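This report concerns the backbone, sheet, core and aromatic features of one protein model. The sequence and the structure are shown first, and the discussion follows.

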Amino acid sequence: MCLNIDGLPDLNKDPWPDKITWVCERILQHHIVVLSETRTNDLFKLLQFVDMSHSVIAHSHVEVTGKRGQGVAVLAARQLAENASVLDISHNMCWIKVKKDFFGFDDDFVLGAVYVNPQSESFQTHEISECFFDVFDQLQAALQQSSYVMLCGDFNAHIGLLDEVTVDYFDLLNAFPHLSRPRISETPHRVNHAGHVFIEMLATAQCLTTTGRQHGDWGQPTYVGYSGNRASTRPDHVVVSPALFPCISDCSIIAPPCRESDHCVLSVNMDVKNF
């Protein structure tokens with residue numbers, strides 16, 4: 001599960017807010033949870049609402065509580081958490097490793113969580129490019145550790161119909177001929193600078209995004225705003241290595257109740273031996 005949480009409510013003002021209820025219901029449905037824009041260092045307030053069924057594996061440090069664009073975290077169900085360890089944490093990324101035996105893989109499973117700020121007057125195109133260079137370096141480091149790599153979060157990248165699949169994906173193209181066709185997208189004309197850099201990063205790293213490529217994901221928007229009638233976009237993505245792509249059985253986009261969240265949940269199911 002991947003979700004931009006857009007900060008947590010102040011529990012001193014509302015001890016059981018509807019937003020917390022909705023988020024926790026989604027957490028309980030998933031073994032691994034990636035949250036972006038947590039805007040807090042205190043995620044215990046979430047765990048207490050899920051009866052401590054999940055643990056925080058990794059969480060980037062939030063310098064100013066409540067400030068936008070801060071905090072990414074990886075949570076996991078207790079059994080999985082016991083088989084997980086932290087690889088790296090930076091200001092906008094977290095990386096964990098899950099022992100290969102847990103999923104029945106022949107290599108460890110490496111998961112990254114990321115948040116990239118949107119383009120603005122204070123965060124311009126050259127800064128976005130620099131941020132993605134850092135993401136690329138960390139993705140490359142993960143791929144050197146394992147062939148089973150997933151990176152997900154809010155990249156604020158609008159990719160439209162841009163294509164990361166090249167002739168170098170020969171084996172995947174043979175196994176999945178649909179990859180040679182344009183991705184499906186409900187927002188085909190929405191492309192921004194981050195989208196171009198994101199796709200270039202994937203092509204260079206020879207990874208794929210599930211956006212518009214997997215059953216259940218036809219490029220639906222994941223940012224919908226709180227009112228439900230704002231312009232919708234697809235900034236959230238799941239990146240997978242070629243070895244992991246065949247393990248993805250389906251994806252789903254779970255829309256939030258109006259005013260409970262401005263982002264949808266991006267849910268990914270994996271078909272692995274031990275589940």
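In this predicted model, Arg 39 is buried, with a relative accessible area of 9%. Arg 39 counts as buried because that value of 9% falls under the 20% limit for relative accessible area. Its position is in the loop that joins β2 (32-36) and α2 (44-47). The phi angle of Arg 39 is near 60 degrees, a positive value in a residue other than glycine. As background, most residues other than glycine have a negative phi.

Gln 206 also has a positive phi, of about 55 degrees, and it is not a glycine. This residue is found in the loop between α7 (193-205) and β9 (208-209). Is Gln 206 partly exposed or buried? Its relative accessibility is 33%, so Gln 206 counts as partly exposed.

A further loop position is Ser 60, which lies between β3 (54-59) and β4 (72-77). Ser 60 has a relative accessible area of 0% and is therefore buried. A polar atom of the Ser 60 side chain lies 2.9 Å from the backbone nitrogen of Val 72. Leaving aside residues up to four places away in sequence, Ser 60 touches Asn 41, Gly 71, Val 72, Ile 89, Ser 90, His 91 and Cys 94.

The sheet is considered next. Six strands form an open sheet in the order β5-β6-β7-β8-β10-β9, and the pairing is mixed. Its edge strands are β5 (84-89) and β9, each of which pairs on one side only. Strand β8 (residues 148-154) pairs with strand β10 (residues 236-240) in the antiparallel sense, over five bridges. Leu 151 stands opposite Val 239 in β10. Helix α5 (residues 125-145) packs on the sheet and touches β5, β6 (93-98), β7 and β8. The direction of α5 makes about 5 degrees with that of β6.

In soluble globular proteins, nonpolar side chains tend to be buried together. Here the largest nonpolar core has 42 residues. Which residues have the most contacts inside it? They are Phe 103, Phe 109, Leu 111 and Met 150. Strand β7 (residues 109-115) gives the most to this core, with four residues. Another core lies apart from it and has 27 residues, among them Met 93, Phe 132, Leu 151 and Ile 199.

Aromatic side chains complete the picture. The structure holds nine aromatic pairs, and two of them are set out below.

| Aromatic pair | Centre to centre | Angle between planes | Arrangement |
|---|---|---|---|
| Phe 103 and Phe 105 | 5.7 Å | 40 degrees | tilted |
| Phe 105 and Phe 109 | 6.5 Å | 55 degrees | tilted |

Both Phe 103 and Phe 105 are buried, and Phe 109 is buried as well. The pair of Phe 103 and Phe 105 is tilted, with 40 degrees between the planes, because angles under 30 degrees count as stacked and those over 60 as edge-to-face. Phe 102, Phe 103, Phe 105, Phe 109 and Tyr 148 form one aromatic cluster. Two members of this cluster, Phe 103 and Phe 109, are also among the residues with the most contacts inside the largest nonpolar core.

Conventions. Residues numbered from 1 in each chain as written. Predicted model: local features only at pLDDT ≥ 70, side-chain atom pairs only at ≥ 80, totals over all residues. Heavy atoms only, no water. Phe/Tyr/Trp six-rings, centres within 6.5 Å; stacked < 30°, edge-to-face > 60°. Buried < 20%, exposed > 50% of the residue type's maximum accessible area, 1.4 Å probe, protein only. Helix = DSSP H or I, 4+ residues; strand = E, 2+ residues; numbered from the N terminus. Polar contact = N/O pair within 3.5 Å; in protein donor to acceptor, adjacent residues only side chain to side chain. Contact = heavy atoms within 4.5 Å. Core = buried A, V, L, I, M, F, W, Y, C linked by side-chain atoms within 4.5 Å. Pairing = 2+ DSSP bridges. Axes fitted to C-alpha atoms, helices over the stretch in contact; angles between N-to-C directions.
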